[in-house]
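Subject: Structure handover

Hello,

Here is the structure I promised you. Please open it alongside this note. My findings follow below.

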Amino acid sequence: MSADLTELYQQVILDHNKRPRNRGTLPTANRVAHGDNPSCGDQCNVYLRLDGDRIAEITFDGSGCAISQASASLMTTQLKGKTAAEAENLYEQFKDIVTTGQPPEEISDLAAFAGVHAFPARIKCATLGWHAALNALKNDPTTTTTESHTD
Amino acid sequence: MNPASGLPHPDPRAAWRDVRADFPTLHQQVHGKPLVYLDSAATSQKPRVVIDALSRFYERDNSNVHRGLHALSMRATDAYEGARARVAKFVNAADPAEIVFTRGTTESINLVASSWGGANLKAGDVILLTEMEHHSNLVPWQLLAQRTGATLRFVPVVGADAEGGLDLAQLDALLTPEVKVFAFTHVSNTLGVINPAASLCAAARARGIVTVVDGAQSIGHMPVDVRAIGCDFYAFSAHKMAGPTGIGALYGRQEFLDAMPPYQGGGGMIAQVDYTTARWKPSPERFEAGTPNFADATAFAAACDYLDGLDRAAIARHDTELAQLAYEKLSALPGIRLLGPRTDRSGLVSFAFADVHAHDVVTFADEDGLALRGGHHCNQPLMRKLGLTSTTRASFYVYNTPEEIDVLVASLQRILKFFAG
């Protein structure tokens, strides 16, 4: 197996894909948002319970490839307890990781997604859950997508 | 070269292997592995003769067609109208005027839905489709239904994996007097089912129902005779039959085309124009507004020659053999779900694994040089009905070999092992 592929499907990602964290609906949610990549068929719902400005609880469900499902799962573990501003900051870090392949300065599980940058077609898979989460934080009910006309 | 007809070849498989030499794209490495192209249901590769026909036209004859009085324009017009006659012969149309050049299958179906449908359907009418239609033979009819107040009805598929194909036992009950048009695919792009087009058309015609056949997946893979099928319209694309992208055709029975209003307006389709009104030409020009795609039409004709040279009945046997071989070998993989019939299938197999998503399969297989397709294959409602969000599809054509199926199976075994951890 090529180094690129091993880098893409890291143990952390395989683990989150196989045993997703915080998967399912959240009965106490006060925010919900939906992500949809119609050309590949990936879907991701994110459920939040916001306590003031802070994410008290977060879950996701949906269907898609290992990258999209593991990313959403890992995201929920990272965002729990964060404020909206902190969440946006984390997303910016994550976006840098998946587009440049450079790991973040601080040690972070998000670094597992650095291998995505070698597969540009899969960046949209890794970011779908994040986009849904940010929409939920903004209370934006529109369905978000990370696909463009080039996908 | 004619591997399957003519004199018997000592080894028919060896003859088919020779076909690969005609396709320049196939002779390359992907990620350091020989390319194994199993995505011909999305688009086929092109033989050298088709590529040459296209560049020869641009190098020698390029000029706009019709109304041309100079030498190049006359040559281009002859080439374009010659291509129309060639395509007509390819599907055994009664007359070249029954062939309208379009951008492809999708535009051909939109043309029928918009022009014939817009003029003939009204509220209360029913459009009969099947549950296995590609979005291109579904959405144009949805748009027509919204515009006219007609409703859609579907012939169901049978079996948890659609292994039974269409539920033909229900056909009589579905073909009620409200049904004005029956549009169905000849070959399913996801299931590999070959529908009995002639008997479906006969059942519809007996009740005065107009028939539209989506030939995207059949045209390059089997003999197609529109008069034997008995359809009113047959829609197809060049790029899935070894021809160029950007061109396809609509076969329509003359009496229908002549009675239909234009689909688009513009140059080339008019007889007389004044500031407020226009009269238009008869078909096929009536439906070809604007500068037509004459360059690709010449390459389309070259693709017809190429496939007839291989013998289309032999192509059908070759593709079916490969698909059945793939079906048998894949069915041994743990946790695999194969869609469509076990036998008598067209040259493609779609499958899903319980624990590995199709996009991960395709990404891994790419590393082994395999070109597969993963996703909903423009069949979202069918996928939903079968409880799937996506499948992986391997599709076969004249240049594929049994050894390539072994590469596919070995790659899938490796992927399953990796994800099983």
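Which residue in β2(A) is the bridge partner of A:H34? It is A:N45. Bear in mind throughout that this is a predicted model.

**The sheet in chain A**

That pair belongs to β1(A) and β2(A), residues 42–51, which are joined by 7 bridges and run antiparallel. The sheet is open and has 3 strands, in the order β1-β2-β3 of chain A, with antiparallel pairing. Its edge strands are β1 (31–37) and β3 (54–63) of chain A, each pairing on one side only. On average, and ignoring direction, neighbouring strands are turned by 15 degrees against each other. Helix α3 of chain A, residues 66–79, packs on this sheet. It touches β2 and β3 of chain A, and its direction makes about 170 degrees with that of β3(A).

**Where the chains meet**

Chain A and chain B each give 12 residues to the contact. On the chain A side, 7 are nonpolar, 4 polar and 1 charged.

**Chain B: a helix with a buried face**

Look next at helix α5 of chain B, residues 139–148. B:P140, B:W141 and B:L144 are buried there. Down the axis of α5(B), its buried residues fall within an arc of 95 degrees, so they line one face of the helix. They pack against α4 (105–120), β5 (126–130), β6 (151–155) and β7 (179–185) of chain B. Just after α5(B) comes B:G149, with a positive phi of about 85 degrees.

**Chain B: an enclosed strand**

How many of the 5 residues of strand β8 of chain B are buried? The count is 5 of the 5, so β8(B), residues 210–214, is largely enclosed by the rest of the structure. B:V210, B:V212 and B:D214 point one way from the strand. B:T211 and B:V213 point the other way. Note that a charged residue, B:D214, is among the buried ones. β8(B) pairs with β7(B) in the parallel sense, over 5 bridges. Within that pairing, B:F182 has B:T211 as its bridge partner in β8(B).

**Chain B: two crossing helices**

Helices α10 (residues 294–310) and α11 (residues 312–330) of chain B come within 6 Å along their axes and cross at roughly 75 degrees. That makes α10(B) roughly perpendicular to α11(B). From α10(B), the contact is made by B:L307, B:D308 and B:L310. From α11(B), it is made by B:R312, B:A314 and B:I315. By class, the contact has 4 nonpolar, no polar and 2 charged residues.

β16(B) and β17(B), residues 391–395, pair antiparallel over 3 bridges. B:G375 stands opposite B:T391 in β17(B).

Best wishes

Definitions and conventions:
Residues are numbered from 1 along each chain as its sequence is written. Chains are lettered from A and ligands numbered from 1 in the order in which they are written. This is a predicted model: local features need pLDDT of at least 70, side-chain atom pairs count only at pLDDT 80 or more; totals for chains, interfaces and linings use all residues. Axes are lines fitted to C-alpha atoms, for helices over the stretch in contact, and angles run from 0 to 180 degrees between N-to-C directions. Helices (H or I, at least four residues) and strands (E, at least two) are DSSP runs, numbered from the N terminus. Angles under 35 degrees count as roughly parallel, over 145 as roughly antiparallel, 65 to 115 as roughly perpendicular and the rest as oblique. Two residues are in contact if their C-beta atoms, placed from the backbone, lie within 7 Å. Two strands pair if DSSP finds at least two bridges between them. A residue is buried if 20 or more other C-beta atoms lie within 10 Å of its own, exposed if 12 or fewer, and partly exposed in between; C-beta atoms are placed from the backbone. The arc is that of the directions from the helix axis to the C-beta atoms.
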